[in-house]
Each structure stands twice: as structure tokens, then as C-alpha cells.
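Subject: Structure to look at

Hello,

Here is the structure I said I would pass on. Please open it alongside this message and keep both in view while you read.

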Amino acid sequence: MMHIEVVGRQLVETLKSYSADYIEVHLEESQTSHIAYRGKELESIDRTTAIGGNVRALVRGGWGFVSFNNLDELPGRVELAVRQAQFVGNEESKLAPVEPVVDTVLTPASTNPLTMPLAEKKQLLDEYNDIIWRTPRLQTSSINYGDGHKKVIFLNSLGSYIEQERTDITLRLTAIAAEGSEVQQAGLSLGSRDDFSLIQGRHRQVEQLAQRAVELLSAPQVSGGEYTVVLDPVLAGVFVHEAFGHLSEADFVYENDRLRQIMTLGKEFGSVELNIVDSAAMPGLRGSYKYDDEGVPATKTYLIREGKLVGRLHSRETAAKMNEEPTGNARAINYRYPPIVRMTNTYIEPKAASLDDIIGDIKEGVYAKNWYGGMTSMEMFTFSAGEAYMIRNGKVAEMLRPVVLTGNVFTTLKNIDAIGNDLEMNQGGGCGKGEQMPLPVANGSPHIRIRHCLVGGR
Amino acid sequence: MESILAEAKKVAEEAEVFMVSSEETPVQFEANRLKHIQSKQSTSVALRIVRQGKIGYAAATQLDDRQELVNMAVETAEFGMTARFELPSFTSYPQIEVFDPAVESVSTEEMVKLGEELISTIKAHTPDLVCDAAVSKEVISVRIINSRGGQANYKQSIFSLGIEGQLIRDTDMLFVGEGQNSCHPIPESKTVAEVVLQQLDLAKDRASAPTKLLPVVFTHHGVASSLIAPLIAAFNGKVVLEGASPIGSKLGQLVFDEKLQLWDDPTIAYRPASRPCDDEGIPSQRTPLIEQGVVANFLYDLQTAALAHTQSTGNGHRSRGGLPAPSPSAFIIAPGKATFDQMVADIKEGLVVEQLMGATQGNILGGDFSGNVLLGYKVENGKIVGRVKDTMVSGNIYQLLKQITAIGSDARWVGGFLNTPPLYFPSVSVASK
């Protein structure tokens, strides 16, 4: 079998010799394991390995991209990418300058979950499944555990040669309760960059999850309309990702004149309390890395500071075309796709309010926790809570069926009027953009309060 | 592949090797201009074994390390589920045409021309629109062999064309879009362009929606974005077996409006969702799911069918390189009699929903949906008066599909998976600012 290191070393000298403005190569080796339970039974267990790579070439502003599993005849694939780029290109190539980097970023073998025996992983999942099934009136459950380890070699025609390893662990548990033709579900998503212990010891949460599924059978549905809404740190993290994160990705903006006018730096989006940050440089989270997939060092980027738009997320191309600094946010889920502008670890910075301060003066509102998902069209977005309660006279009251909330980025962020002191980063999510999902990211926030938030219901 | 099977047979009672390889060429336009040409080659091989009665599974992208693949499958078989099924022995397959060699020979120049033509037609109508478009051709080869002498192989071609347009006025954003795919080359962009032009015309003016129950017409895209995800779960034999499908115990019972007919069909010639057999080598068949409102069948793969004491419906599907699981191939909803204009003319005050955002991110199993109207129109006195915004539409599909006012006469493909007419419901919950 060909080792990607050997292939990479062979290519490094030749990349400069093609008639292209820029060429980069990714070579990737990965292993995954996956364990799934449906109901009481372990349903599937599998292991995979993959080797693949891609070549991306830029000529006069046009891109060519070739991906492959077969590592033979790489010079021919480089030539194909260059020919494609030549066919497309008809202007000047623009890429923000970065220094060539030669570096190796390895993960210690001890934290690679692939080296852990399957029996040990199964033991933990068995414990969780037993807890779920101790709950009366449960219909069924599902547990999906996955881990992956990969090594990516990045090299480009500027002389960069970066070898990075990364590990990713995810666990999703769902409990399903049914009565007649009524079916309700409750879920919990956990994730970790490389620390298996982060998904251990969650027995209490798993128990609550199963109980919640059963309680939902008798919970009422909220009536649709505008409410004052309080979001817990998990859901507020999804909110900041959907409501603002995607709009700050410069690839939506850089070739769109009208959007550029709307997204001028300095524009006011929220109150002076509001700070939103994206940072791959924060260590140890699922969105963390040292270099992005264009070999650009990770940065901490303020998107909103004191309510005003102060930055956005860039690839080398979007940064050059907007005359801004590159931020190291070009990411690809794997070698089958070119890197595009993505979020990493995105969060709202904490302020002073306690949860009591936030809820205390709400006469009638909705307390929404946990997540099912979220989507955005840039202007409008939705995010759905996995868990919801009415707030009555300053107190959390009866449980509701899960709610879907929606907002408009130009008004909803301004309606945030309280930001808590309890920042938490949630690692259970994956982000989708174009065909590329799920990409490991982390989202976070303290508790926040939003006035006039539209909630769907019957 | 044969040598992997031979290695596996040394350590397992049963074995199956599944291999899929593809060559895809997407041509992409960004902000109205050609931006990216890609070429993607991919190969994957998956080994399923039954060892000491238990299922083991492993997949890889390289064919040369047979022993590693077998070892991984053996390792997982130690913990695997007990196999209840028998792999198919030599079988004959229905003749289902899904390969047209003309797709392979479409040149990059022709693909670029098709995309440019589509963008320029739409820009001629609305010059300020910013369009992203993609034209793609792909050839996929599938081969399955197993230890009982079963073997299947087929080649499939897919050509697709899609566009998304964005119109921004101040901070107001309008999104329109349409796509089309086929196993034949798509020679012209007219069909896609017409849908987008109609969306632009209908969305020209703004209107506001009230917060109350209203009659609502879901267009083809509206049906796809709101109502289908719960049905996919409900007819999945595995969900039924677990007792988590609301219709699981209702086989043969009238659950939906008598006008509603739904079936799964991988046998239509030259459709991207068609194939002669499923991913376990079981011959493709058309499976009725709802017949005159009555629950007719559920969808099964081999293992789930065995557990449920029934037969596979040929719906074993491998997603993301994993073990086969039941999954529909293509959902077809039979057209009715009402034209779109007749349905709209019938409404005094109501909505037409073209695209509901986030609708499937809730309790899908229970049939609930709730989403933001990304594209939808207000109807007043039988006429579409403009586009609505900041509006949520919510409901439960089991309640809605019990009483359908009318089913549209014009059925269309939405993506490769769904063929549906518009559906018109008497009363749906609408919330607006």
C-alpha cells in the first residue's frame, strides 16, 4: 500500500513546475469506527479505512479540483486540475499572502479512540442503554457512537508542507416514547475532539433524557406567536451559529455587491453588550486546529464587538478580494471536497446577568433548551429546541412539546436584551454547508434573552 | 473482489463484497460566472460477513489490503447482531435502464454552455439576481458478489442541472431555485428556467400573513420541504419493528385521505433513483405504500424483514459506507385532478408554501413539522397577491393528510427522490409577526 508521506514527498518538488498561479495538494489517511444500538440491541458495528487526496489549482482566477482514492498517476491528476483551471480562468488570481509553513502537528497515540478496544466503548454504551431502558413507558431508543482519526498532509506550490492529525468523537442518544399513535422523542448529543472521558460519566443526563421523552407525551404544544424567549447555553450556541455565524462567512459576501453593502464593517447588529467570536485557536474543542486546509494559521476573530460588525471569516481568496486579513477559516470535511469558508468554535461572550436576573421579570415567555437543529438563509433563520418550558411570572413552569423558533438577523440580534454569565461550549453539533456535512464545530453562549421572538405552534 | 470474498470465506460462514466506484464532473458557477471545474474519482469496497452467526462489517477505499479488511470485519463480528437473513443466491434481475453512454460524452464546453444559457435566461428577466449554478455528470458502477453465488452489477449515469438565485433589496433577501436530473443528458435549461421565472413573478410584491388557521397549498417543493421526512421514517420497516412508527400497527387501515396514493418505485427507466437491484442484490420492485388512504406496505432490507417475519422489498440501502438499512428509493405521489390555478382560485384567504426552512428539524417520528416560510405567497380572493415573510407554518402531517381538499394534477420531480403534485389542505397553523 502507498503511504501518503511517500507520495507527498515525491510531489513537493514538482508543484512549482506547472503553469498555474497556485497549486495545493491534500493527502489523507483515515480510520473510523461506529457502533449503533436500536432499542435494546446492538444493531451495527463497523470499521472503515480510507486513503484519498485531491489537487486544487488556480489559474487566472479560475479553479480546478481533482479528487481521488487511487494515488497512482498523480502528476496526471495535477495536470488535469491545471487544465480545468486554465479553462475557467479569465481574470487575475487573487489570494491573500501567507508565509509558507513546514510543520507537523500530531495527536498523542494515547488519545486516539481507534486504539481503544471496541469492547471498552461498547461497555459505556451498554451502561447508557441500560439506564434508558430502566425508564417505564419507553418505546424504543437509539444510540449512535462514532469516532475517527485522520492524518492530512497539505502541500502547496509556495513550499508549505504541513502534516496534521486530528481525532473526533461523537455520541448521539435518542429516547422514544409512544402512546397510541402519539410518538415523542428526546435526544442528547455529545462530542469531543480527542478526549473519550468527555462522553463518559453522563449517566444522570441519560436518565433525564429518557424521562423527558415519556413526559413529552402529556406535554402541551405552545400556541404559535411572538414571545419573550430565554435560551440555554446549548441552544443559544446553535442560535449564534445560525443567526449570525453563517452570514459572517465571507464567501457569501465577497462577490455579491449588495450583500457587501449590507455587511459593511461597523454596521450595528446588536446592543453594546453583544460580542460574538469565532476561534479555531481555542484549544481542545471540535472546531480547533493549528492550520486550516489552506495552510493558514488559526486565529481568534471577533465578528461582533459591542454590537457592531467588526470582522468576518475568510479563505485566502475571499480575504484578498475584500482587502481584509485572512483568518484561517477554509475547511473541507474530507479530501473529496475543496476547502470553503467555515466556522470553527463560535460563541457569544459572557456578561454579568444570572439566570434569575434573566427570567425573573418575564410575565409570560418560553424557556427553550437543547437542540434538534437549525438552518439559515442568511437573512432568516430557524433553530429548534429539544426541550421547552413556559415561563410564568418569573418562574420556569410547565413542560412544552419541542418548539421551533425563527428570526431575522437584522432584527433578532437587536432584540437580545440580557446576556448571562455562564458561558458553556457545546460540542454535540455538526455543521452543513453545500454538500459538506457534518463538519466538526463547537458552539457556545451563556443564557440569553430575546424579546419578540416568533415561535411556531398550533 | 473475488479474492476478498475468498479470504473472507476462510473465516466466516457467509460473506458479501459490495463495491461502488464513480467518476463525477461538476461544473460550478458562482455569482453568475464560471468559477470551478471539478473531477472526482472515488472507489469503496465493503465487506459483510456472518461469523459464528453474527454480522461483521468493514469498508475501505483501497482494494489491495484484503487481509486488513477481513480482520476489521472479524473484529466487529465479535460484537455484531445475530444474522437472521440469508444472502440471495443467483437471481435474475428486471431490465431497468439507468445508463446512457451519451452522458459520459457530454463535453465540459457543452456543460458550461448549458449553465451560461440558464443564468442568462433568468438574468434577462431579473437583472439584479445573483445566481449560483451547477451542471454535473456522473457515472457510477456497482457490483455485489456473495458466498451463495449471488452476483449483481450495473452502471448508472446521472446528469444534473441546478440553480439558486438571490435578490437583495436593502436588507430584504429573496431566494429562488430549481433543479433537474436524469440518466440522460439534459439538453436545454428551459424547464428549470421556467420554474425560477414563475417564482420571481409570484414573489414580486410583498404581502403579510395573519396569525391563524388558514387554507394552504404546498407546491412540489413545499411538499418536499415539509411533509416527506415524517413519511420516510414512518414507512421504514425498522422504525415499524421498533414500534416507533405512528402507522406501524395500521397496516390495511384507512389512515390518510382516500385521495392519497403513495408508492416507492426504483423501476422507472432513466431515473437517478432507479436501479435493477438494491444494495444487497435483491431485485427492485414497485411497492405500494398508501392505496386510497390505506396503509399498504412498509419498506424492508433483508435483516429487518427477517426480524419482522416478512420479505425484503428490495430497499436495503447503504449510506455513508455503513451496513444496509431500509430506505425508500423514490417516493411517488399520484397526481389528482385540480390544476394549481383552480386550487388558488378556491382560497379566500390563505397561503401557497413553496419552501419551508427548518421544517424537518423537530419530532419527525411523531409527524410534527414547523418551519419559516423561506418562499411562499399570500392568497386573497383567489389570487396570489405577493410574497410573505417572517411567517411560520406548523402542523402534524398525520392530521393534515387525513383531510386533503385537493391534489394537484401536475406531478413533478423534486430532486431525484420525490415525484409529487401540489397538495391543498383546508386548515394549517400560520404564525406571523
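What follows is a list of findings, grouped by region. Please keep in mind that this is a predicted model.

The sheet in chain A

In chain A, six strands make up an open sheet with mixed pairing, and their order is 11-10-9-14-23-20. Its edges are strand 11 (308-309) and strand 20 (424-426) of chain A, each of which pairs on one side only. Strand 10 (residues 300-305) of chain A runs antiparallel to strand 11 of chain A, and two bridges join them. One pair to find on screen is R305(A) with its bridge partner K308(A), which sits in strand 11 of chain A. Helix 5 (residues 233-245) of chain A packs on this sheet. That helix touches strand 9 (276-279), strand 10, strand 11, strand 14 (345-348), strand 20 and strand 23 (442-445) of chain A. The direction of helix 5 makes about 110 degrees with that of strand 23 of chain A.

As background, the strands of a sheet pair through backbone hydrogen bonds, and the pairing is either parallel or antiparallel.

Strand 8 of chain A

Both kinds of pairing can be seen at strand 8 (residues 225-231) of chain A, which is antiparallel to strand 24 and parallel to strand 15. With strand 24 (residues 448-455) of chain A there are six bridges. With strand 15 (residues 364-376) of chain A there are four bridges. Strand 8 of chain A is mostly covered, with six of its seven residues buried.

Helix 2 of chain A

Helix 2 (residues 74-88) of chain A has 15 residues, and at 1.5 Å a residue these should span 21 Å.

Backbone details in chain A

E73(A) lies in the loop between strand 3 and helix 2 of chain A. Its phi is near 55 degrees, a positive value in a residue other than glycine. E73(A) is exposed, at 65% relative accessibility. N393(A) is not a glycine either, and has a positive phi of about 45 degrees. The loop that holds N393(A) runs between strand 16 (380-392) and strand 17 (395-400) of chain A. N393(A) is exposed, with a relative accessible area of 58%.

M437(A) and P438(A) are joined by a cis peptide bond, with omega about -5 degrees. P438(A) is part of strand 22 (residues 436-440) of chain A.

The sheet in chain B

Chain B has an open sheet of six strands in the order 10-9-8-13-20-19, with mixed pairing. Strand 10 (294-295) and strand 19 (412-414) of chain B are at the edges; each has a single partner strand, so one side of each is left without a neighbour in the sheet. Strand 8 (residues 262-264) and strand 9 (residues 287-291) of chain B pair in the antiparallel sense over three bridges. D264(B) stands opposite T287(B), which is in strand 9 of chain B.

A glycine in a loop of chain B

G149(B) is in the loop between strand 4 (130-146) and strand 5 (151-169) of chain B. It is partly exposed, at 37% relative accessibility. Beyond its neighbours within four places in sequence, G149(B) is in contact with S89(B) and F90(B). G149(B) and A15(B) are 134 residues apart along the chain, while their C-alpha atoms are separated by 10 Å.

Cysteines

How many disulfides does the structure hold over all chains? The count is zero. For C183(B), the nearest cysteine sulfur is that of C277(B), 14 Å away. That distance is too far for a bond. C183(B) is buried, with a relative accessible area of 0%, and C277(B) is buried, at 1%.

Regards

Key. Residues numbered from 1 in each chain as written. Chains lettered and ligands numbered in written order. Predicted model: local features only at pLDDT ≥ 70, side-chain atom pairs only at ≥ 80, totals over all residues. Heavy atoms only, no water. Pairing = 2+ DSSP bridges. Contact = heavy atoms within 4.5 Å. Axes fitted to C-alpha atoms, helices over the stretch in contact; angles between N-to-C directions. Expected span 1.5 Å × (residues − 1). Disulfide = S-S within 2.5 Å. Buried < 20%, exposed > 50% of the residue type's maximum accessible area, 1.4 Å probe, protein only.
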